[in-house]
Amino acid sequence: MYFCRNKSAKKPLIWGLRCNMAIINSDINQAKIFLDQGNVIGIPTETVYGLAGNAFDIEAVTKIFEVKNRPNFDPLIVHTNSVERLKDFVHYLPEKALLLAQEFMPGPLTLLLPKHESIPDLVTSGLDSVAVRIPNHALTLELLANLDFPVAAPSANPFGYISPTSARHVEQQLGERIPFILDGGECQIGIESTIIGFENEEVIIFRKGGLAIEDIEKIVGKVSVNTHSSSNPKAPGMLKSHYSPKKDLLIFDKKTFDIDTQKERIGYLAFREYNINLPKENQLILSESGSYKEAAKNLFAFMRQLDAMEIEKIYVELLPEKDLGRAINDRLRRAAVK
Ligand code: TXA
Ligand code: MG
């Protein structure tokens, strides 16, 4: 029997009978019980919060797609706590995959590897590769170590919307649809993991993310990037429109910028400096010191803040195409597509 926090009630209520908001706390024992029972819950990672369920349990995995309203052609990442365990879910680890795993796991890295039969086809949308990741978050690593199964977990946002970087973000959008959110504070990286696949000897980046390409190349040499965008992808993971706020989001370009509406109705997201042509109160700066790490950490929370402001549209400034600036720009460009 579980009790939930209910601001308006004097006594706690029994979850599932009267209370319809998720319980939020940092108790991994409670998280484990919910997962063992086949529930889908919010979990923290260093990148973004995930919507987790037992990857071996078809009903739990089905629930993940339903709660997120995600089409089932878009496969899920399988999360566990060690490289040793990860080996059980794949047929083999190519040499370069092992090098990357040893260097960056736990961390913001997802590897696409030949899928083992133990992983249900539903998780991988019928593909013969599986995406595997070890998140670098103390609470979640301990939870995963105590589970008898890996968890499948997409980002814990409704399909297409901005990813969550705090338990509160998860609560705001999915709090009525899941029983529990494990609160692990704010995500320290703030953008999703970098997804890497292997073809023969080649290392291919399929999603730019929290691990910079420069760092990957230090370990395995030159990589190629294949992050084609398509609104109807044959290969999943490349949806063109994504990470979108409800308001119109446009990429700022000094040359073509023309204020066609009242200045007060425009929000602005910049890397280091305010736009002097627009009111300061509707602007957010990702990192005044020019840190890509700080910018990534702030990105999604700031997009949400702008989405909640009394403005009509949001202009965003692209960052230099280096370091995590590349992954941030990828999110901004996809958010700008309607
Ligand atoms: O940082 C992250 O990776 C977060 C946290 C929660 O771990 N998870 C995350 O999951 O971003 P999701 O589902 O929002 O994005 C995973 C991406 C999707 O675009 C999916 O299409 C792609 O990974 N993907 C998963 N399995 C794949 C596979 N076997 N082949 C190609 N793409 C795959
Ligand atoms: Mg996502």
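A polar contact is a pair of N or O atoms within 3.5 Å; within protein, one atom must be able to donate a hydrogen and the other to accept it, and residues adjacent in sequence count only if both atoms are side-chain atoms.

## The model

This is a predicted model: local features need pLDDT of at least 70, side-chain atom pairs count only at pLDDT 80 or more, and totals for chains, interfaces and linings use all residues. Residues are numbered from 1 along each chain as its sequence is written, chains are lettered from A and ligands numbered from 1 in the order in which they are written, and side-chain values use heavy atoms, with hydrogens and water left out.

## Contacts of ligand 1

In the side chain of S129, an N or O atom lies 3.1 Å from a nitrogen atom of ligand 1. R207 has a polar side-chain atom 2.9 Å from an oxygen atom of ligand 1.

How much of ligand 1 does the protein bury? Alone, ligand 1 exposes 670 Å² (Shrake-Rupley method, 1.4 Å probe). The protein buries 94% of that.

## The shell

The shell around ligand 1 has 11 nonpolar, 7 polar and 5 charged residues. Here Ala, Val, Leu, Ile, Met, Phe, Trp, Tyr, Cys and Pro count as nonpolar, Asp, Glu, Lys and Arg as charged, and the others, Gly among them, as polar.
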